[in-house]
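Subject: Structure handover

Hello,

Please find the structure below. My notes on it follow.

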Amino acid sequence: MILDRRRFLAGAGLAALAAGLGLGLTIPFEPAAAQTVEQAKLMAPAASPLPEKAIGSATAPVTVVEYASATCSHCAAFHTTTFPELKTKYIDTGKVRFIFREFPFEPVATAAFMLARCMPDDKYFPMVSTLFETQKAWAYSQDPAAGLLAVAKQAGMSQADFEKCLTDQTLGEKVQESALYANKELGVNATPTFFINGKKVSGALGIAEWDKELAPLLGGK
């Protein structure tokens, strides 16, 4: 999970990238806290320094908040295998509102999420999906910057916009603030971590596990 910043920059050929990722130090996380958190704490403005990214009905009886890292293989497995069925079965039917929050462990994940945040609002979730789908091609390559550039170009971003995005220090800091708050206030120290109406559940749950978690909350709905 922990990647070397020098490895990220090696061979990138993007001088501007170094300045933007100077903020991307490994985040020192504290031990996990309680298994259930108050809704007020989970939904506090400080929990999401950047605009909330959510799909599903605002009046859904269940709210799921996911904390994920772009370089987390378990997160990628969840988003490429289980999430599409979860979305069809629960989110698209108005039963679940799904909120996605960034939890980068290191610079490469921070950069990936910065790129997603630099996309138009309606392209955020498609970009996150693409990052997870192509994770092996960029996150663990010898040149992650080049891999991310390829993903960004495929999504319609120019190299100039790519460099501008990754040198936005304020954006990078806010992406990381989400993780720091989640760790300190919500007890998140691994990814993926989900809060299902406040109940903390860690790990890439399969659809059968989601059925089990959601059934009591939906009451047959």
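Two strands count as paired if DSSP finds at least two bridges between them. Helices (H or I, at least four residues) and strands (E, at least two) are DSSP runs, numbered from the N terminus. This is a predicted model, in which local features need pLDDT of at least 70 and side-chain atom pairs count only at pLDDT 80 or more, while totals for chains, interfaces and linings use all residues. Residues are numbered from 1 along each chain as its sequence is written, and side-chain values use heavy atoms, without hydrogens or water.

The sheet: five strands form an open, mixed sheet in the order β1-β3-β2-β4-β5. At its edges are β1 (53-55) and β5 (199-202), each pairing on one side only. Neighbouring strands are turned by 20° against each other on average, direction ignored. Strand β2 (residues 62-68) runs parallel to β3, with seven bridges between them; Ala-68 stands opposite Glu-102 in β3. Helix α11 (residues 207-218) packs on this sheet and touches β2, β3, β4 (193-196) and β5, a contact being heavy atoms within 4.5 Å.

Confidence: pLDDT is the predictor's confidence in each residue, from 0 to 100. Its mean over the protein is 85, and 84% of residues reach 70 or more. Helix α1 (residues 5-9) has the lowest confidence, at a mean of 36, and strand β3 (residues 96-102) the highest, at 98. Over residues 1-26 pLDDT stays under 50. Where pLDDT is low, the predicted coordinates should not be read in detail.

Regards

Definitions and conventions. Axes are lines fitted to C-alpha atoms, for helices over the stretch in contact, and angles run from 0 to 180 degrees between N-to-C directions.
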